[in-house]
Amino acid sequence: MQFDQLNRREFITLLGGAAATWPLVARGQQRAKLPTIGFLGAGTPSVEGQRVAAFVQRLRELGWIDGRDVVIEYRWAEGRNERSPEIATEFARLKVDVIFMLGTPPVIAAKQTIAVIPIVFLVSDPVGSGIVTSLARPEPAT
């Protein structure tokens with residue numbers, strides 16, 4: 001199934017599942033620094049607007065409010081896949097806790113650039129594109 005064919009409900013459910021895997025302990029701890037999500041959009045804010053809104057809404061439904069419980073750092077590749085490694089490096093420098101990405105080329109580029117920050121992604125064929133070894137055991141492919 002292509003990403004564009006996913007309906008909003010499926011997208012929100014997917015994001016919710018990913019966000020629910022974050023350590024629940026982080027909610028109960030007082031931190032000087034809020035958990036930070038690096039959001040790498042393959043397009044532009046205007047093109048990705050509905051996806052961003054769904055992402056933020058699902059986080060809100062799970063109790064993660066941008067600016068209160070979590071910080072979201074948005075970056076845009078603007079359709080230029082060659083920007084993805086640069087943006088991933090910037091996220092590493094910012095010490096984000098997790099990176100969320102849309103699209104296969106940005107995920108592959110980021111995976112080659114950083115190894116210590118978890119990447120949550122939405123792509124149409126993660127096994128076929130070589131991002132993970134299998135859906136049953138989604139370890140990174142080498």
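## Arg75

Arg75 is found in strand 2, residues 71-76 (strands are DSSP E runs of at least two residues and helices H or I runs of at least four, numbered from the N terminus). The model is predicted: local features need pLDDT of at least 70 and side-chain atom pairs count only at pLDDT 80 or more, while totals for chains, interfaces and linings use all residues. Residues are numbered from 1 along each chain as its sequence is written, and side-chain values use heavy atoms, with hydrogens and water left out.

Arg75 is buried, at a relative accessible area of 17% (buried is under 20%, exposed over 50%, partly exposed in between; 1.4 Å probe, protein chains only). Its side chain makes a polar contact with the side chain of Glu90, at 2.9 Å (a pair of N or O atoms within 3.5 Å, where within protein one must be able to donate a hydrogen and the other to accept it, and residues adjacent in sequence count only if both atoms are side-chain atoms). Beyond neighbours within four places in sequence, Arg75 is in contact with residues including Phe39, Ile87 and Leu94 (heavy atoms within 4.5 Å).

Four strands form an open, parallel sheet in the order 2-1-3-4 (two strands pair if DSSP finds at least two bridges between them). Strand 2 and strand 4 (119-122) are at the edges with a single partner strand each, so one side of each has no neighbour in the sheet.

Strand 1 (residues 36-41) is joined to strand 3 (residues 98-102) by four bridges. Ile37 has Val98 as its bridge partner in strand 3.
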